[in-house]
Amino acid sequence: CAVHGAAAAVVFPNGTAWQGASGVSHPDVEMSPDMSFAIGSITKNMVAALVLQLAEEGRLSLEDPISTWLPAYPHVSGAITVRQLLNHTSGLFMFWDNQDIWDDLIRDRTRVFTPEEVLGYLKEPEFAPGEGYRYSNTNYLLAAMIVTEVTGSTLAAEMRRRFWVPLGLEGARLPLEEPYPENLAHVWGDNYEKDGSIRDITFLPRASHDSIGHGSSGVFMTAPDLARWTDALYRGKVLQPSSLAEMRGFGAGDYGLGLGRLGRKAGGVLWARTEGHGGGNIGSTAFMAHLPDHGVSLAVMVNRFGTGCASRLVGDLGGIAARHVRTPSVTEILWSVEGLLSAMYLLAGAGALVFALRKDRPLILVLFGGLAIAGGWVLSTRGLPLHYVLVPEGVLLVVIGLSLTVAARRRRGQ
């Protein structure tokens with residue numbers, strides 16, 4: 001992985017936990033699990049949970065049109081419901097898609113944007129409310145504004161009162177409404193200047209970016225705290241069962257309310273259902289993930305943005321953790337893409353054996369066998385125990401191939 005360092009944590013169904021780190025935060029300082037990262041869009045999961053708590057309390061309804069709580073804004077339909085904000089079916093333009101906001105952000109990194117100023121960068125909606133799916137940070141900016149309006153408090157204060165203090169996650173922060181964490185993991189990149197540089201950008205001014213991301217990407221946490229948050233969410237310590245079911249009601253885009261199904265390229269485990277959320281921020285990428293069939297919750301954070309490393313780590317670590325809970329069933333293995341490919345490889349191996357015997361080409365078996373052994377080893381490291389099939393097949397093919405090769409040479413020597 002093209003990152004300087006990574007931190008991760010796993011919470012198992014019996015409540016035991018594991019945490020670890022690898023690489024460096026910055027020169028001569030190793031990465032540590034107790035270092036904080038900006039978790040980016042995983043913030044949406046916390047905002048959605050907060051809105052669902054307010055709905056449980058009867059202080060708002062998911063079916064409320066947002067005009068109930070907010071004034072009119074250009075390019076924002078008042079008929080959009082709170083639910084449509086949370087599941088990204090509002091059709092609202094993604095403010096990050098307007099180059100002007102990037103230009104203004106870079107022009108003055110110390111500028112603190114108000115939510116109303118950010119909404120000024122919106123363009124025409126992508127579609128009418130409820131007529132499609134389009135992931136947009138604008139939805140969660142508005143959801144955060146509704147939380148503030150309903151509670152008369154700040155988003156940071158509500159998260160701390162409702163989540164961080166009760167769950168013992170008091171190291172979580174939501175700047176700029178409260179101070180940045182002191183134990184920051186150093187992050188690396190080009191600071192969105194697109195000059196190809198990779199440098200330590202941890203302490204460069206970032207108020208403009210963090211204020212624009214209010215409600216959609218602003219929370220900072222450690223990997224162990226994020227894993228514990230995920231575990232608490234799925235154990236019913238945050239929401240009532242009916243609300244958690246709403247959050248997990250995956251629809252268009254495999255997205256529910258601040259939560260989604262994690263596919264193979266987005267942190268999913270090869271052979272197990274995986275749910276959660278990913279996020280990126282200045283110089284960092286993070287994932288929260290939960291395996292509902294295994295009761296495993298985990299978090300992964302890396303100190304560089306956009307490398308794909310964090311999603312691969314989630315898939316690998318999640319697979320290992322899930323296998324620790326229970327060995328995958330034959331059905332789970334065979335219905336994975338890798339399982340089907342391995343079955344096809346078995347058939348191809350049989351075909352190679354027939355071909356080698358008929359054409360006297362035994363070295364083909366050595367090649368096929370070597371590839372089977374290598375494939376089995378790779379899949380075993382990703383939590384998919386196909387090495388029990390591929391490695392014996394590979395060894396058998398290699399032995400047969402070498403034996404036939406030796407026999408052929410002896411015949412020629414006679």
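This is a predicted model: local features need pLDDT of at least 70, side-chain atom pairs count only at pLDDT 80 or more; totals for chains, interfaces and linings use all residues.
Biologist: Okay, what makes something a helix or a strand?

Modeller: Both are DSSP runs, numbered from the N terminus: a helix is H or I over at least four residues, a strand is E over at least two. Counted like that, the protein has 14 helices and eleven strands. Its C-alpha trace spans about 95 × 45 × 45 Å along the principal axes.

Biologist: Why is Ala-372 called buried?

Modeller: Buried means under 20% relative accessible area, exposed means over 50%, and partly exposed is in between (1.4 Å probe, protein chains only). Ala-372 has a relative accessible area of 2%, so it's buried. You'll find Ala-372 in helix H13, residues 363-381. Across the protein, buried residues make up 53% of the 414 residues.

Biologist: And what does Ala-372 touch?

Modeller: Leaving out residues up to four places away in sequence, Ala-372 touches Tyr-345, Leu-390, Val-391, Glu-393 and Gly-394. Contact here means heavy atoms within 4.5 Å. For the protein as a whole, take contacts with a separation of 6 or more: 66% of them join residues 24 or more positions apart.

Biologist: Why does Arg-358 count as exposed?

Modeller: Its relative accessibility is 72%, so Arg-358 lands in the exposed class. Arg-358 sits in helix H12, residues 337-359. Its C-alpha atom is 52 Å from that of Gly-276, which is 82 residues away along the chain.

Biologist: What about Asp-28: buried or exposed?

Modeller: Exposed, because its relative accessible area is 84%. Asp-28 lies in the loop between strand S2 (17-26) and strand S3 (29-30). Asp-28 isn't a glycine, yet its phi is positive, at about 70 degrees.

Biologist: Where is there a cis peptide bond?

Modeller: Look at the bond from Pro-175 to Leu-176, where omega is near 15 degrees. Leu-176 belongs to the loop between helix H6 (155-167) and strand S5 (188-189).

Biologist: How do you know how H1 and H8 cross?

Modeller: Axes are lines fitted to C-alpha atoms, for helices over the stretch in contact, and angles run from 0 to 180 degrees between N-to-C directions. The axes of H1 (residues 43-56) and H8 (residues 223-234) come within 12 Å and cross at roughly 35 degrees. The contact is made by Asn-45, Met-46 and Ala-49 of H1 with Leu-226, Trp-229 and Leu-233 of H8.

Biologist: What makes a crossing left-handed?

Modeller: The near helix has to be turned anticlockwise from the far one by less than a right angle; clockwise makes it right-handed. H1 passes H8 in a left-handed crossing.

Technical notes
Residues are numbered from 1 along each chain as its sequence is written. Side-chain values use heavy atoms; hydrogens and water are left out.
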